[in-house]
Structure formats: C-alpha cells, structure tokens
Amino acid sequence: MKATIYVSYKPVQGNIKALLHDAQELTYKHVVKADDITEQPFLNRKDKVYGMFYNVNGNAATNGQFYVTDSVRHFIDCSVYFYAKPNFDSVMPAASYVKDDMRRLMETLRWK
C-alpha cells in the first residue's frame, strides 16, 4: 500500500496540555489540503484510555490520525501517511482499510 503508520509514545510529565496541543496541531496542518476533518472522541473509562480519532478527508498527505492518553502517565499519537501523490479517490480503498486497523489499535490499547 506504500503507507507508513507512525506511532509515538511520550510520557506525561505535567505537560498534558502541550502534548494535546501538539497532536491537534499536527492534524490541523492538513486543513489546507483536506476537504473535511472530523473528530471522533474515544472513551474507555474502565481501562483509563481517552483520546480522539481524526478522519481527514480529501487530498491530504494523511487520512487518519489519533491520540490516546490516561492524562497522567501515558500519551500515544498515531498517524498514517501514504507515499503517493495525495489523490483521495485512488487511495480511498487502502485508506479505509488502514483507518480500520488504526481504530482497532486505539480501541484495544491498554496501559501496563
């Protein structure tokens, strides 16, 4: 599919606001090429995993990103980039497949 999923872990050390800001800023840098960016909040109270999944629609370099955190110790952000000229129509089948995998990763994540 000529795509890479980037996953970054950062410890929360009194910097949760900065981590959230950076993750949101990374997503919204694509607004110049995207037709639409939709946010889907994620809450798993039982396992203390909270976050946001972003659907980036249009001819942007990425079409999906998310972050998850427990707000006190752990922060993970994830994005997928296709190594092809952004053309939403041609990458949509692969992008949908990868976004499903990213959602599954986010939904099954547990802290140790």
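Predicted model: local features only at pLDDT ≥ 70, side-chain atom pairs only at ≥ 80, totals over all residues.
Let's start at a turn. In the hairpin of β2 and β3, 4 residues sit between the strands, and lysine 48 takes a positive phi near 55°. Strands here are DSSP runs of E, at least two residues; helices are runs of H or I, at least four; both are numbered from the N terminus.

Residues are numbered from 1 along each chain as its sequence is written, and side-chain values use heavy atoms, with hydrogens and water left out.

Strands β2 (residues 34-44) and β3 (residues 49-58) run antiparallel, joined by 10 bridges. Pairing requires at least two DSSP bridges between two strands. Glutamate 39 has tyrosine 54 in β3 as its bridge partner.

Now the whole chain. There are 2 helices and 5 strands. The order along the sequence is β-α-β-β-β-β-α. Of 112 residues, 38% count as buried. Buried is under 20% relative accessible area, exposed is over 50%, partly exposed is in between, with a 1.4 Å probe and protein chains only.

Next, the rings. Rings of Phe, Tyr and Trp (its six-membered ring) pair when their centres lie within 6.5 Å; planes under 30 degrees apart are stacked, over 60 edge-to-face, the rest tilted. That rule gives 4 aromatic pairs. Take tyrosine 6 and tyrosine 81: centres 6.0 Å apart, planes at 70°, so edge-to-face. This pair links distant parts of the chain, with tyrosine 6 in β1 and tyrosine 81 in β5 (residues 74-82), 75 residues apart. Tyrosine 6 is partly exposed, at 39% relative accessibility.

Then tyrosine 54 again. Its pair with tyrosine 67 is tilted, at 6.3 Å centre to centre and 45° between the planes. Tyrosine 54 is in β3 and tyrosine 67 in β4 (residues 62-69), so the pair ties together parts 13 residues apart in sequence. Buried or exposed, tyrosine 54? Buried, because its relative accessibility is 2%. Tyrosine 67 is buried too, at 8%. Ring pairs link Tyr54, Tyr67 and Phe75 into a cluster.

Last, the surface. Isoleucine 5 lies in strand β1 (residues 3-11). Its relative accessibility is 40%, so isoleucine 5 counts as partly exposed. Ile5, Val7 and Leu105 form a nonpolar surface patch, together about 240 Å² of accessible area.

Technical notes
Patch = residues over 30% accessible without salt bridge, like charges linked within 9 Å, V, L, I, M, F, W, Y side chains within 5 Å. Areas by Shrake-Rupley, 256 points an atom, 1.4 Å probe, with all protein chains shown as cover. Salt bridge = Lys/Arg side-chain N within 4 Å of Asp/Glu carboxyl O.
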